[in-house]
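Here is a short briefing on one protein chain.

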Amino acid sequence: MGITQRARGVLRRREPVVNAGNRNVVYGPALPDESAVHLVLDLGLRIGEIQMSSGAGASDVTATIIAVANAYGLPHCEVDVIYTSITVSCYRGTESLPITSLRVVRNRSLDYTRLSETEALVRRITANELSAAEAYAELNRISTAPHPFPRWVATLAWAGMAASLAVLLGGGADWRLPLIAAATAALIDRVGRVLNRRALPFFFQQAVGGAVATTIAMGCFATGLLPNPALAVAASIIVLLSGMTVVGSMQDAITGYNVTAAGRITELALMSAGLIAGVVVALYAGLRVFGSDALGGADFDEAMLQNFGRAQVTSPVLLPLVQLAAGASTSACFALASYAPPRPLVVAGVGGAVAAVVHALLTLVEVHTVLAGAMATTIVGFIGGIIARRLRIPALVIAVSGVAPLLPGLATYRGLYELSVLGSPSGVSTLMLAVAIGLALGSGVVLGEYLAQPVRTRLGRLERRFAGPRMSGPLRPARRRLE
């Protein structure tokens, strides 16, 4: 291009004419001053962080933050929830920039007392009982408060959960198995506590826990203390798997929060991989030290795998009673180890009892274990969805605790034993069965909560806007603003 053509091009250029009369101006709602907006957004973000760290679904977190924002005069807020952060943007029209806040979710420790108190605070906010400053001060007290009881109580709860699982898996005939399972779970909890203080990644903590459980079980079998180490290892595996984001993952996937669901599933797979690595390493070491006959594989047959979740008692009449007691104790101990307050603790025990009994009765009539688990947890989710709202406790506590007695610990150990000791490719299909059981349990709880929605009291506009099951947060938006 020549100099003349370039000059002509410059001369042809014109600055665009802005015609203010033709522009469509959208004015935002009347909002408080910016400092108040920032306070409300930070309040909602911190509430959402507590919910996310407790395993609540992204849809629940989104609905809760919007309800809090509406209560304090911010009617147009967009919330973006992913597994590691929460972003809230307050729309102010086309003439003003939106106000956006972000909070990273770093802490993921279960404390159901903190979650329950946060839920109560949200109800007070949406009921127009607290100002933003008062709610922020109350939330700060909740988030900084210590656990409601000492750590050793949680250790005893994990031990009680392992003992209950040992009975539930078929070890009720031998009193030594529940005791060894309880001692192993307590030791794993204390070792994990030490490793956590040293900031060891959870992948390696799971690996250490799996190795400790398998090593103790094989040592007890070699010395004649246990007739079969499989049940002891399975009980420890379930303890290590409990509390993971199975329910939250399925809820996020079903409600359309695929990014958050992918993050939860990735974490679940990574923690499970660490557990598998620890068990496999211990099995290889035991194979070298004790030999293949000392690993208890001879009595670990297909019948035991099909009887997963069924206590072994002499009288058929006592089976439902033993199942009920063991299931209730398993879920109640898990809730206690997660620092649940008394009322959710009792309801969690009821959920575990229902899940264990229904699963046992279904397997007695030869229903496949995957379908039996899905049906049992659907009933738990349905009952929990109704009771939780009536008693004003988080439905999430009942859902996660109710799943605990049915987690596929025995199938997981069987698959690992087949792969690492027997060298059989059938171990892959057994592990896939364990994965299918876990997915069925999570989806069953979510389906039960969804079915419970029409039975509960009339849902508010916020519930209809965020279609899908709700396990945390308010069901109704605020009726009016707080001054």
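Buried residues (under 20% relative accessible area, with a 1.4 Å probe and protein chains only) make up 54% of the chain's 483 residues. The model is predicted: local features need pLDDT of at least 70, side-chain atom pairs count only at pLDDT 80 or more, and totals for chains, interfaces and linings use all residues. Residues are numbered from 1 along each chain as its sequence is written, and side-chain values use heavy atoms, leaving out hydrogens and water.

**Whole chain**
- The chain has 19 helices and three strands, which are DSSP runs (H or I, at least four residues, for helices; E, at least two, for strands) numbered from the N terminus.
- Contact means heavy atoms within 4.5 Å. Of the contacts with a separation of 6 or more, 74% join residues 24 or more positions apart.

**Helices α14 and α16**
- The axes of α14 (residues 342-364) and α16 (residues 395-403) come within 8 Å and cross at roughly 40°. Axes are lines fitted to C-alpha atoms over the stretch in contact, with angles from 0 to 180 degrees between N-to-C directions.
- This pair is therefore oblique; angles under 35 degrees count as roughly parallel, over 145 as roughly antiparallel, 65 to 115 as roughly perpendicular and the rest as oblique.
- Residues of α14 in the contact include Pro344 and Gly351, and those of α16 include Val397 and Ser401.

**Helices α2 and α5**
- Helix α2 (residues 34-53) packs on α5 (residues 132-144) at about 30°, with the axes 10 Å apart.
- These two are therefore roughly parallel.
- Among the residues that meet are Leu39 and Arg46 in α2, and Tyr136 and Leu139 in α5.

How values were computed. Buried < 20%, exposed > 50% of the residue type's maximum accessible area, 1.4 Å probe, protein only.
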